Structures are given as structure tokens and as C-alpha cells.
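Could you walk me through this structure in my viewer, one selection at a time? I am new to this, so please tell me what to click on and what I will find there.

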Amino acid sequence: MSDAVVIGSGPNGLVAANLLADAGWQVTVLEAQDEPGGAVRSDRAVHPDYVSDTFSAFYPLAAASPVVTALGLDRYGLRWSHAPHVLAHPLPDGRCAVLDRDRTVTAASLEGFGAGDGQAWLDLCEGWDGVSDQILAALFTPFPPVRAATALAGRVRAAGGLRFARELLLPVRRLGEEKFGGEGGRLLLAGNALHADLAPEAAGSGGFGWVMSMLGQTYGFPVPVGGAGALTDALVTRLRDRGGTVQCGQRVTEVVVRGGRALGVRTATGEAVRAHRAVLADVSAPHLYHDLVAEHELPPRVLADLRRFTWDFATFKVDWALNGPVPWEAAGAAGAGTVHLADSVDELTCFAAQLATGQVADRPFLLFGQMTTADASRSPAGTESAWAYTHVPHEVRGDAGGGGLTGRWDKREEEVMADRMEERVERYAPGFRSRIRARRILAPPTLQAADANLHHGAINGGTAALHQQLVFRPLPGTGRPETAVQGLYLASASAHPGGGVHGAPGANAARAALRGRGPVRTAAAAAQRALARRRR
């Protein structure tokens, strides 16, 4: 019998398993797919000479995460690589905002959009310098991060107090307008905010866009040498070195609960896998509470709150094998690993509004990845392994682009949407389509089939909006990995602090399990179970 069973071998599940193994626990990881990694995998399915990252690709949060750093994955083969520039946001007129790990390069780029914008960027960097350690500590520690929050409050006072806090809560459109006279700085902030599902007018999107921009400025957007799968390989190798096991092709269908305590799991083949101390679930909150735990084991309030759980945007992705570099009109985009494609902040607002009203965007905002630019091992010299993704509604009510897209995502609809994205790239890089050797389309159903946590391609385990963060993540009054079932812990991106490859939800769940050493007995959980029994 294992001390712990971990459901899912995504980065959070593997981080949790490693930390438990470090403490001497016997750990079994059960993965539904035929290979480990969740949304951190790579393959050669687009073209045999090209490595393509199937899902996630750039890892600023992993580089910044003390959780990942402490694992020492370099000893297990993980090496990082960087593109010459972190990120670029080109415009059709040839101008280009460039985010570089050298802040003076970024500032010089933005100065070309408006006099004084370079210094404004350096001022934002100075603000980050004063609070970055405390922000990262608050982000990557269990909720509530009492010590980190106390230290952060002191640094915020030194950085301007309420005025600084106000800026963090601003919509990113307003923050950009207050800080920059030109478009460049505004676009860097707003484009980074849309790495989550935060529209330019959303409260808190300014703070998120600023943090993502500063992470890129400080740590870059690094990639694993050889493909995203190298990060998973290092995590799996490290776990096995400590006696842990990863079993693939083992889909868990039930968390076995007796007397209010998780005793193990049952797989799709009917096999029961016992857990002496804990079950950690690297699955989405809706999947855990709707599908894996019997309804009568949960307080009615959990099930009621779950009906209000909000997913982040659905995703549509295309991978390409290109026979040459992308022919950007804006020279600054050529050396960037990540490229944002939108004409203006107004266009980003229109894109987000179309998503909110169930329309497939006519001018989709694209996040474009140049993987060979970031890591030369990804494809033959002089070529490019590339991808782009955009967001689409979960429930499609119409197609603003006039292509008749309905959200069925059959072969015709996949081709129409992929062509629309390629035409979008062509606007900034004339001749792009002539360089395509092969492409792969990953529509929302395809992404979900490859990783059940990616509900319709939602990549963050639930919205990053303020109403589902901190004490509201994944449900009001939670915010921690413990659940109402003793010995069962939520270890996925649905838990605080949310999406991104940083390992914090997995680490938080592992630490909670280690503190519990078995049944988790809290007054709140006991009261919830008692109430559930009375109502039954």
C-alpha cells in the first residue's frame, strides 16, 4: 500500500509527489494518458524533424518559482534556453515594442512610441525591485500567506502605500494610460494580462499584466532544451530516484471514501489502489467534486458553489513546421520567443468583448511562439518550429468573422479557424503561409481529449478574475488544498494560486498532507460533514 496516491501527472501532481517522496513517503502517481506530463509535453507529430510543444511552451513562472528551483531539476537533465528577446508586440506599420531581460533595451524600445515612456518603464521596474521578493513569496506559499503578506504590506507602504495598491487593482487599460503616452508600453501590459483571461477593462488586470511583464523582464520566458517534455522527464526521473512510481494509462474514476476519509482510488479497470495517508488530486475542481467524489460525501454548500465555478477562456491552437524564419515586417519581432499580435488595446478590448458575448473573434488576438528562436534544438538550422493560440468561447453563439463557426469544431470548422489565424499572422509577416511545411490543429475538444484538465482548452484551471482568487479559489471560503473529505487534497491549478507551471498548488497540497500525516481533522470540515449527514 502506498502512503499517498496522486491523481494526475501534470506538473502540480509531479511536484506534490516529489515533495512527499522527499519526506520518505511511498508515492504512486496514476495518469490517465499514455505518457506523463499533463499540459507539459512535446512531440514530433507535426513533422519528424521538428519538436513541437503540445500545450504549454514558455515557463517564466517555473523560473521564478522557489518550489521548482528547490527541486534541483538540473541534476536530472533539465536545461533552460532563452530567445534573444523575451517578447515582442509588432504593429502593422513596422513599429515594435520589445520586452528584453535587459530593462534598458525594453526602455529604449518604448521610448520610440512616446517621449518619456522609456523612463516610465524603468520606474515600473524600480517598483518591482522593491516588492518582487514579497510578491513571489505570497504567490507561492499556502493561503493565507501571513508572513509574506505582512512583509509585502511593509514594502507597499515604502513604494507608495495606497497609491501603489490602487495601481495593482486598476484595469490594465487604465494603468497603461496613466503610465505611458504611447502605445508600446500599454500593449506590453495589456497583452501580458491576456495570458490569463483578463480583459483590458477587468479590475486587477493591470496588476496581473505588470507582474507578468516584470517576470519576463527579470527571468525571461525560458524554454526547456529539447522540448517541454524535458521538464516532465526531469520531474519523473527525480521521483523515481526516490522510490516513487508513475503508472500511465490508469484513469481514476472514483475517490474511495469511508467514514468521511479518503482511503484510496478506483481506476477505470475496477482496480482499487489504497492510500495509507492521503490522496492528492491534480484534477480540476469540477472533475473532483462532480465525478470522483460521491455527492453524499460532500457538503451541500460545496455542490451549490460549484455551480458558480467559472472556467477561463477556451483555447484554439495551431502548430507549424516552417521551412524558414517568420518574415516579420517589424524587425524587432524576429528575435523574440513570444510574439503578441493585435493592432491596439482597443482591438484587445473588442476581442475580449466578442468572447464575453459568445462570438468567435473576427480579428483574434494571437500569442505566437518561435520555439527554434528560443531553443535551436527544436528544428533544423534555418527553419522554425512555431505555434500560435487564441481563445474562443466555451459556448459559441455566433461567428463575428462570418465563417459560419458554431463551436462543433468539426474538420471544416477547424480549417476555417486555423486559416483565420494564419491570415492574421500574414498581416504582420507577409509570406508566412508560403513557409508552412506542415501544420497541426488543436481545437478545444482535441485539447480536452489529450488532457482532461484542459476543459475545452481552458489552460488555467478556472478564471483568474478576482472573484475566483485567494479565499474564493476554487470556491468561496476555501483557498487551501484541504477538502471536506479527510485525507483528500486539491493539488491542481484550480487551487490557489492558480494556473501556470510553477508547482505551487501541488506543493501546497503536499505540505498540507505532511502536516496531517493521515486524516485531516479540522473543525470546519467536521461541521460540514455533520451538516451533510443531517440533511441526508
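Welcome to the tour! Let's begin with the cysteines: how many disulfides does a search of the whole structure find? The search finds zero. Keep in mind that you are looking at a predicted model. While cysteines are on your mind, select C248, which counts as partly exposed because its relative accessibility is 29%. Then click on C350, also partly exposed, with a relative accessibility of 38%.

**Stop 1: the sheet**

Next, colour the strands β7, β6, β14, β16, β17, β13 and β19, in that order: these seven form an open sheet with mixed pairing. On average, neighbouring strands here are turned by 20° against each other, if direction is ignored. As background, strands of a sheet pair through backbone hydrogen bonds, either parallel or antiparallel.

Zoom in on β6 (residues 85-90) and β7: the two run antiparallel and are joined by four bridges. Select P90 and you can look for its bridge partner in β7, which is C96.

Now show helix α16 (residues 411-428), which packs on the sheet. The helix touches β6, β13, β14, β16, β17 and β19, and its direction makes about 130° with that of β19.

**Stop 2: a residue on α16**

Stay with helix α16 and select R424, which lies in it. Is R424 buried or exposed? With a relative accessible area of 6%, below the 20% cut-off, R424 is buried. Leaving aside neighbours within four places in sequence, its contacts are L341, A342, D343, E347, R363, P364 and L366. For a sense of scale, draw a line from the C-alpha of R424 to that of W121: they are 29 Å apart in space and 303 residues apart in sequence.

**Stop 3: a buried asparagine**

Move to helix α9 (residues 183-193), where you will find N192. At 0% relative accessibility, N192 counts as buried. Which residues does N192 touch, not counting those up to four places away in sequence? They are L87, F208, G209, M212, S213, F221 and H340.

**Stop 4: two crossing helices**

Show α7 (residues 162-169) together with α10 (residues 205-219); they pack at an angle of about 90°, with their axes 4 Å apart. That makes α7 roughly perpendicular to α10. To see the contact, select F164, E167 and L168 of α7, then G206, G207 and W210 of α10. By class, this contact has three nonpolar, two polar and one charged residues.

**Stop 5: backbone details in the loops**

Most residues other than glycine have a negative phi, and most peptide bonds are trans. Here are some places to look for something else.

- Select R473 and P474: a cis peptide bond joins them, with omega about -5°. P474 lies in the loop between α17 and β20.
- Go on to H496 and P497, joined by a cis peptide bond with omega about 5°. P497 is in the loop between β20 and α18.
- Click on W409, whose phi is positive, near 55°. W409 sits in the loop between β18 and α16, and is buried, with a relative accessible area of 7%.
- Finish at H456, where phi is also positive, near 55°. H456 lies in the loop between α17 and β20, and is partly exposed, with a relative accessible area of 28%.

How values were computed:
Residues are numbered from 1 along each chain as its sequence is written. This is a predicted model: local features need pLDDT of at least 70, side-chain atom pairs count only at pLDDT 80 or more; totals for chains, interfaces and linings use all residues. Side-chain values use heavy atoms; hydrogens and water are left out. Two strands pair if DSSP finds at least two bridges between them. Axes are lines fitted to C-alpha atoms, for helices over the stretch in contact, and angles run from 0 to 180 degrees between N-to-C directions. Contact means heavy atoms within 4.5 Å. Buried means under 20% relative accessible area, exposed over 50%, partly exposed in between (1.4 Å probe, protein chains only). Angles under 35 degrees count as roughly parallel, over 145 as roughly antiparallel, 65 to 115 as roughly perpendicular and the rest as oblique. Ala, Val, Leu, Ile, Met, Phe, Trp, Tyr, Cys and Pro count as nonpolar, Asp, Glu, Lys and Arg as charged, and the others, Gly among them, as polar. A disulfide is a pair of cysteine sulfur atoms within 2.5 Å.
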